[in-house]
Amino acid sequence: MPIPIKDDEIDIVIGALHSDLTTFMDAWRPIFSRFHLIIVKDPDLKEELRIPEGFNLDVYKKLDIDHVVGTSTSIIFSGYSCRYFGYLVSRKKYIVSVDDDCLPAKDNKGFLVDAVAQHITNLTTPATPFFFNTLYDPFTEGADFVRGYPFSLRSGVTCALSCGLWHNLADYDAPTQALKPEERNSRYVDAVLTVPARTLMPISGINIAFNRDAVGPALLPCLRLAGEGKFRWETMEDIWSGMCVKVICDHLGLGVKTGIPYVWRNDRGDAIASLRKEWEGVKMMEDVVPFFQSLRLPQEATTAEDCVVEVANAVNEKLGPKDPMFARAAKAMLDWVKLWKSVGVSSYSPGA
Amino acid sequence: MVEPATASLAAAPAMPQLKDELDIVIPTIRNLDFLEMWRPFFQPYHLIIVQDGDPSKTIKVPPGFDYELYNRNDINKILGPKASCISFKDSACRCFGYMVSKKKYIFTIDDDCFVAKDPSGKAVNALEQHIKNMLSPSTPFFFNTLYDPFREGADFVRGYPFSLREGVPTAVSHGLWLNIPDYDAPTQLVKPLERNTRFVDAVLTIPKGTLFPMCGMNLAFDRDLIGPAMYFGLMGDGQPIGRYDDMWAGWCIKVICDHLGLGVKTGLPYIYHSKASNPFVNLRKEYKGIFWQEEIIPFFQQVLLPKDCTTVQKCYIELAKQVKEKLSKVDPYFDKLADAMVTWIKAWDELNPPRGGSSMPNGKAA
């Protein structure tokens, strides 16, 4: 049975890369209106934000970000990375974060998916990373552990991260979407499953939720592509963050789930244009994946902060020499931990 | 409420794929009435029926199927003393069918499994889906969040390294079950009315380094790639354990597939599982296994196969050696099982000499 969670334990964090959030907020209103929202405006966005009435929210802009972190920092909260500022200043246990070009999806029965409720269910039922259950999440209604699942592993571990999926525009890289410009994801896979321990995956930042108390500092805005842009397929910041989170969760004995909920992702951007502009991101995974696959953290690292420091040092040592982008990421990770320790745990509210 | 498809709903595919390269292996002790429902999908293929239990009983095969049938007498005749490795009074005996097959692919199904319906009401051609699964690569080295990237309408997601997008050959396709789920006895006792009604429209590769509980009810595999490791162990009559046959094979094949760089997929297709076996009978069979698996799982999780194990047989013999070394202390059964694993490989190699050597005709050996 999921732990009953009160609405005030949840923050919804939205990174605003578009100034007019009216359609977005109105579409999510039935699902979001119960909760406190943190909206972080991309510091590069010039126009004023347009947000409809009727929400309990705090909005953070460039001025607030500069005030909190100072203007000289290796961490750049621009573009999609602006949402991490929201994670930093939140004081809630659970965070649900969705890109501002996503709307609620429909399930296979035609009902609107309450993405927040599903993420919270994922986070408040155990994960089972040590042995694969062929009927997927055994804690889902109507499912259970199958014959052959060791009994000692059936209580599971805390789920720290819930990775949702996307209908319509799937999270493909530019080459893939460019090759199949008409392809849209319409398949509703009615499952959530735990990603096994030591199995790595590309964790997309488009539709995620996490236990901030357990892994907050491990979601980090530290890797910036040289040509990073304002479309997801021009970024790798979330993929980088996700590799760190998964390795850290595996080390700390926490779980990561993937699957439902779905969100509907609007058509946006031109994959071919993005492809011409940015391909570094695609290449970097060739080095990044083997690095993370072989990474082992020392036993003494028992908190998410400690783990981030260990990962940063390893990145600096092993990936730094390959590309200055990694060396910069490592430094940003260390700065992030310092920032988290000073700001992430004290109280702050947006300036006048 | 899930229901099986009716025989009339099932539509035979225009071009049955791999019809001369795939055998359907069915263990049975009761009857083969269920084949009527599968006829449109199965009729083009050759069946290998392994008759368990009393060999003097005649099992009637519905007309129109091309098949070979083996009872216990046949097994004893063909294998001689090596027949000791084939279980009696347990569906584990089906692995005899794998051994005598001359085909590249095997699909095995239980005789209480019927055609399922997908959410649109269409009959699921389980065999066709298994073939699709096996003929497309697996991706065990990195998890794809949109599941099988080779399926229609899916692909690799952003962040998936391009060097890993070719995938590896798929050795095993593990299907699932609607209606009666494959629960163990304690779970069946606690939830006798639970039915699996969720149709999860996905196939995915089980990542390298991850073990899973393999079920033999709805299973397909590439005999050339992994056949010798599909031994279903010593179960049933005269054995202290039952209902661990497919799981034992599953742990063995997964470790070997991981070592050899082969893939294992799970998910679609669904079949409709109609019979719930008696949970009290199951409890007796599984009882020891429930304790033993606490030791068996760590054993398989830590198994290391040396680099020079480059064939399935070599891997399996090495595995048998380690079972004897490390699990005999759990129970003398494992000592016997390790010996049976070696016997199985010897029998497999005798019945399946390397190509170019003397070949055996299809059907019963002389």
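This is a predicted model: local features need pLDDT of at least 70, side-chain atom pairs count only at pLDDT 80 or more; totals for chains, interfaces and linings use all residues.
The contact between the two chains involves 58 residues of chain A and 62 residues of chain B. Together the chains bury about 5,000 Å², and carbon and sulfur atoms account for 57% of that area. On the chain A side, the residues that lose the most area to chain B are A:F132, A:R147 and A:R187, which together make up 17% of what that side buries.

Polar interactions also cross this interface. Between chain A and chain B, 30 residue pairs are in polar contact, and ten salt bridges are found across the interface. One salt bridge joins the side chains of A:R147 and B:D246, with N and O 2.8 Å apart.

Several elements of chain A each supply at least two residues of the side that touches chain B: the strands β6 (159-168) and β9 (255-265), and the helices α5 (174-179), α7 (237-252) and α9 (280-294). The largest share, five residues, comes from α9(A). By residue class, the side of chain A that touches chain B divides into 31 nonpolar, 13 polar and 14 charged residues.

Aromatic rings come next. Over all chains, the structure holds 37 aromatic pairs. In the pair A:Y84 and A:Y87 the ring centres are 5.3 Å apart and the planes stand at 75°, so the pair is edge-to-face. A:Y84 and A:Y87 belong to helix α3 (residues 83-89) of chain A, and because they are three residues apart there, about one helical turn separates them. Both A:Y84 and A:Y87 are buried. These two tyrosines are also part of one aromatic cluster, which includes A:Y60, A:F77, A:F85, A:F210, A:W336 and A:W340 as well.

B:F42 and B:F107 are both buried.

B:S136 sits in the loop between α4 (126-135) and β6 (170-179) of chain B. Its relative accessibility is 15%, so B:S136 counts as buried. A polar atom of the B:S136 side chain lies 3.0 Å from the backbone oxygen of B:K132, and the side chain of B:S136 also makes a polar contact of 2.8 Å with the side chain of B:K265. Not counting residues up to four places away in sequence, B:S136 touches B:D148, B:F150, B:T170 and B:K265.

B:E286 is placed in helix α8 (residues 279-302) of chain B. With 1% relative accessibility, B:E286 counts as buried. The side chain of B:E286 reaches the backbone nitrogen of B:A185 at 2.9 Å. Beyond its neighbours within four places in sequence, B:E286 is in contact with B:D184, B:A185, B:P186, B:G242, B:R243 and B:Y244, and with A:R147 of the other chain.

Over all chains, the salt bridges come to 48. One of them joins the side chains of A:K230 and A:D44 at 2.7 Å, N to O. The two residues are 186 residues apart: A:K230 is in the loop between α6 (212-215) and α7 of chain A, and A:D44 in the loop between β2 (36-41) and β3 (56-60) of chain A. A:K230 is partly exposed at 30% relative accessibility, as is A:D44 at 42%.

A:D335 and A:K331 form a salt bridge of 2.9 Å, N to O, within helix α11 (residues 324-343) of chain A, where they are four residues apart, about one turn of the helix. A:D335 is buried, with a relative accessible area of 18%, whereas A:K331, at 47%, counts as partly exposed.

In chain B, the closest N and O atoms of the salt bridge between B:D20 and B:K19 are 3.8 Å apart. B:D20 is exposed, at 58% relative accessible area, and B:K19 is partly exposed at 36%. Elsewhere, salt bridges with shared partners join A:R83, A:D99, A:D171, A:R232, A:E237, A:D238 and B:R158 into one network.

Technical notes. Residues are numbered from 1 along each chain as its sequence is written. Chains are lettered from A and ligands numbered from 1 in the order in which they are written. Side-chain values use heavy atoms; hydrogens and water are left out. Contact means heavy atoms within 4.5 Å. Buried area is the accessible area (1.4 Å probe) that two parts lose on being put together, summed over both. A salt bridge is a side-chain nitrogen of Lys or Arg within 4 Å of a carboxyl oxygen of Asp or Glu. A polar contact is a pair of N or O atoms within 3.5 Å; within protein, one must be able to donate a hydrogen and the other to accept it, and residues adjacent in sequence count only if both atoms are side-chain atoms. Ala, Val, Leu, Ile, Met, Phe, Trp, Tyr, Cys and Pro count as nonpolar, Asp, Glu, Lys and Arg as charged, and the others, Gly among them, as polar. Rings of Phe, Tyr and Trp (its six-membered ring) pair if their centres lie within 6.5 Å; planes under 30 degrees apart count as stacked, over 60 as edge-to-face and the rest as tilted. Buried means under 20% relative accessible area, exposed over 50%, partly exposed in between (1.4 Å probe, protein chains only).
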